[in-house]
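Please consider the structure shown below. The briefing that follows treats a cavity, a sheet and a loop residue in turn.

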Amino acid sequence: MPKNVMVQDAAGRAIGSTYLRRAKGLLKSGRAVLVDDHTIQLRASAQNAAAPEDKKEQNMEQEILFCAKAFYQKPETVCSLLTMSDASGDPMEVWELNGETTSAVITAALQQLPLTDYVLRFAVLGSAESEILRCTITTAADTKTYALERGRYQPQYSRKTADGTLLRVYALPVQTGADGAVTVEITAEQVTVQILPFQPESVYAAMPPYDYSDWKQETVAANKAVINLANAKLPKSALLQILANCGEQADVNLENADIYNDME
């Protein structure tokens, strides 16, 4: 069973997710039954089975943790449900949104407690200079769209993975209305990213800080052309042509170069 477990009500509707420890407690007490390795279902007699039993669990229950099984892809979009290993080597399910040529969209309809403040937690792995990343949260109270691309909405954590990929972890506020219904839609355009479950904070603490500006700076440096004209002898017109072709981002070494004027 994964660390983030999807929770269904007695009618089989997805109402959110909880931590593995809490899910095991609900199963052990008989207030929930196991649906599959990813899902538990609350018994009809346990309407408030997921309610907190102490202050510590109350804080935990006010979170909506991303659970891939609760989401589905919008028609005519390119998304894939993948299984990866988490930081502990355990399997976890993630959504990959391929928005390179068109919008890629996943959405979930959740049932939470009415008139309650939550925090939606998920992570985004990957980036692109032209990326557009949006998360729209709709409740009976309001609809909010968060612009996540290029650091426009500040992530809770922004880290560099072992292979140098940008990882952003978001904590988005959610206020449910009188019916407790919450719709979450995540959209990616001009980028391919993976949407991951929230991991223990110790996982993010072990990664070096790294934000979009750091990623962009490293990407530009890695793609920068290096033109070595040291000790070269060439006319000014040729130099101007070289500079025009290689662009503003190129590094040009002119040490001891002899540039003579042929343009007069």
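**Cavity lining**

The lining of the second largest cavity consists of 8 nonpolar residues, 2 polar residues and no charged ones. Here Ala, Val, Leu, Ile, Met, Phe, Trp, Tyr, Cys and Pro count as nonpolar, Asp, Glu, Lys and Arg as charged, and the others, Gly among them, as polar. This is a predicted model: local features need pLDDT of at least 70, side-chain atom pairs count only at pLDDT 80 or more, and totals for chains, interfaces and linings use all residues. Residues are numbered from 1 along each chain as its sequence is written, and side-chain values use heavy atoms, without hydrogens and water.

**The cavity**
- A cavity is a set of points on a 1 Å grid over the protein atoms alone where a 1.4 Å probe fits but cannot get out; lining residues have an atom within 4 Å of a point.
- The second largest cavity holds about 50 Å³ of space, a volume being the space filled by probe spheres set on the points, which are joined across faces, edges and corners.
- Its lining includes Gly16, Ser17 and Phe66.

**The sheet**
- An open sheet of 4 strands has the order 2-1-4-3, with mixed pairing; strands are DSSP runs (E, at least two residues), numbered from the N terminus, and two strands pair if DSSP finds at least two bridges between them.
- Strand 2 (14-19) and strand 3 (32-36) are at the edges, each with a single partner strand, so one side of each has no neighbour in the sheet.
- Strand 3 pairs with strand 4 (residues 39-42) in the antiparallel sense over 4 bridges.

**Asp9**
- Asp9 lies in the loop between strand 1 and strand 2.
- Asp9 is buried, with a relative accessible area of 13% (buried means under 20%, exposed over 50%, partly exposed in between, with a 1.4 Å probe and protein chains only).

Methods. On a 1 Å grid over the protein atoms alone, a cavity is a set of points where a 1.4 Å probe fits but cannot get out, and a pocket is an open set with protein on both sides within 12 Å along at least five of seven lines; lining residues have an atom within 4 Å of a point.
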